[in-house]
Amino acid sequence: MDLATLRKISFILAIFGLLLIYGFSPSQSQVKKSISEIRRDCSGPVAIEGTVGNISYSSNGNVIVELLQNRSKILLLLKDSFVEEGSNLSVFGKASKFSNQCWIFPERVELR
Amino acid sequence: MIDLVICLLGMCVGLLLGLVPGMHINNFLPFFILLSFTNPQLFFFVIAASMAYVFSSFFPAILLGVPNEDTALNVLPGHRMVLEGNAYSAVMVSLAGGLLVVLFSMPFLFFFLNALPLLYPALQKIVPYMLIIILLFMFLSDKKQSVIVLALSSVLGFLTFDFNLLLPLLTGFFGLSTLLISILNDSLVSPQVMRFDSRLSLTNLSTISFISCFLSSIFGFIPAISSSIVGTMASYIRKFDSEEFLVLLSGTNVAYMIYSFFALILINKTRSGSAVFLSQIFEKESIFFVLGIILLSSALAFLICFYLAKPLVRLYKRLDYRKLSLLSIFFIIAVNFALAGPFGLIVLLASTSIGLLSNSLGVKRINCMAALIVPTIVVLI
């Protein structure tokens, strides 16, 4: 058995692994969508831009933010209150239905 | 990009954990939750760490005779090769087996994608009967005295079944008893050959790795059948020499870890400590992204271990074997006490005695695995 062959195999596997990571990365699949598009199927990774509307607090201390875009709105669940009404946000995360509403559970939130 | 960085970070942590003798990644998983990662990031981090851990854990298992629950049987052929002066080759064939299993696991994934959700319920029903057949097979293929080891191991298995005491149980059976036998017999370690001196051809290596992959694809999804048991079964089907057996066992370890992630994603079942941890933070992740992390972290872990092998074996070579064995024994006892407490030490003493007994009776040490098999049969029936 030749050790050089094993090294080559490991390089090929590493490159193939990199390609898969690049091709199927959740952050790559967070495609920018409008609120109305997200609300249609309300699932999977999404990226969205919008303006903060009403801010309220859940019983367990989470921050519920209304994200507005044109005349549509969607709910955003944050752990801390670092945004204020009127702020413009870029949100990367997952859309999911909860209590008959469409929510975005963010992985990353950026103030614009 | 951030996913890639997290994957690499996880790989580094896994590599370091694997190099610590007696340390199992399962013991460290609760600490990962302290990292300020999002759930998907933590998911990828643990997968990368687990894969790298499997590769680097071959070092303490082979060089120091300190196994974890998965590498328990690697100690025996590995120790034999170390005594013969082939520690470097022993490490390299283990790594090679692991790498090829990563390669072969890819086609199996495509099979699992369609077949696993259909086959799994049927497989679950026959698990206890499969275990009974394995046990009978173990008994019939060995001396009659093996029944003593089987019985004692089973009793010890029952006594420890409700506690998380796999570390002292398996370290005693396979690690500590082996080290004590080496010291008592005053085993002479030949000078270590620092070049890769293996009789295995690439075809042979690939065949055995494929067997590991195939057997793990059947048994890896069944509760209570550890990778060591799969190795045991394969050794009854075909005769393996030390090198081949090492490839088989290391390959099975790697395959088990990979399949545990596939099982979590495809059928939502946990088959390893890492998968149990991940199930708590699991969100629907792309199987191909997970495969990418497995491939990258395994390939890089292989390369790092590949280049680390010589310095680590050299380091080992410089040390006095008797002193090193004593140090390992002390370390094993300390790790067991730290992780399993005083009760763990009692279990370690009992399992070491059974390991020594099996040696003095001249029966295979594999019979000690009854400690896991028999209680599981009783629970499942």
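Biologist: How many helices and strands are there in chain B?
Modeller: Chain B has 16 helices and zero strands. Keep in mind that this is a predicted model.

Biologist: What share of chain B is buried?
Modeller: Buried residues make up 54% of its 381 residues.

Biologist: Which residues touch the most other members in the largest nonpolar core?
Modeller: They are B:I47, B:A48, B:V91, B:I293 and B:I294, in a core of 126 residues. Helix 6 of chain B gives this core its largest share, 18 residues.

Biologist: What does B:I294 touch?
Modeller: Leaving out residues up to four places away in sequence, B:I294 touches B:I47, B:M51, B:V102, B:I258 and B:F261.

Biologist: Which residues does the second, separate core include?
Modeller: That core has 11 residues, and A:V46, A:I48, A:V65 and A:V91 are among them.

Biologist: Let's switch to helix packing. At what angle do helix 7 and helix 16 of chain B cross?
Modeller: Roughly 145°, with the axes coming within 9 Å. Helix 7 covers residues 127–140 and helix 16 covers residues 370–380.

Biologist: Is that crossing left-handed or right-handed?
Modeller: The crossing of helix 7 and helix 16 of chain B is left-handed.

Biologist: Which residues make the contact?
Modeller: Helix 7 of chain B brings B:V127, B:P128, B:L131, B:I132, B:I134 and B:L135. From helix 16 of chain B come B:A370, B:I373, B:V374, B:T376, B:I377 and B:L380. By class, the residues of this contact are 11 nonpolar, one polar and no charged.

Biologist: Now chain A. How do strand 2 and strand 5 of chain A pair?
Modeller: They pair in the antiparallel sense, over eight bridges. A:P45 stands opposite A:K94 in strand 5 of chain A.

Biologist: How many bridges join strand 2 to strand 3 of chain A?
Modeller: Five, and these strands run antiparallel. A:S56 has A:I64 in strand 3 of chain A as its bridge partner.

Biologist: What do strand 2 and strand 3 of chain A form?
Modeller: A hairpin, with five residues between the strands. In the turn, A:G61 has a positive phi of about 90°.

Biologist: Last topic. How many residues of chain B are in contact with chain A?
Modeller: 30 residues of chain B, in contact with 20 residues of chain A. Helices 1, 6, 10 and 14 of chain B each give two or more residues to that side. The largest share, 13 residues, is from helix 14 of chain B.

Biologist: What classes of residue does that side of chain B have?
Modeller: The side touching chain A has 23 nonpolar, six polar and one charged residues.

Note on methods. Residues numbered from 1 in each chain as written. Chains lettered and ligands numbered in written order. Predicted model: local features only at pLDDT ≥ 70, side-chain atom pairs only at ≥ 80, totals over all residues. Contact = placed C-beta atoms within 7 Å. Helix = DSSP H or I, 4+ residues; strand = E, 2+ residues; numbered from the N terminus. Nonpolar A, V, L, I, M, F, W, Y, C, P; charged D, E, K, R; others polar. Core = buried A, V, L, I, M, F, W, Y, C linked by C-beta atoms within 7 Å. Buried ≥ 20, exposed ≤ 12 C-beta atoms within 10 Å, placed from the backbone. Axes fitted to C-alpha atoms, helices over the stretch in contact; angles between N-to-C directions. Left-handed = near helix turned anticlockwise from the far one by under 90°. Pairing = 2+ DSSP bridges.
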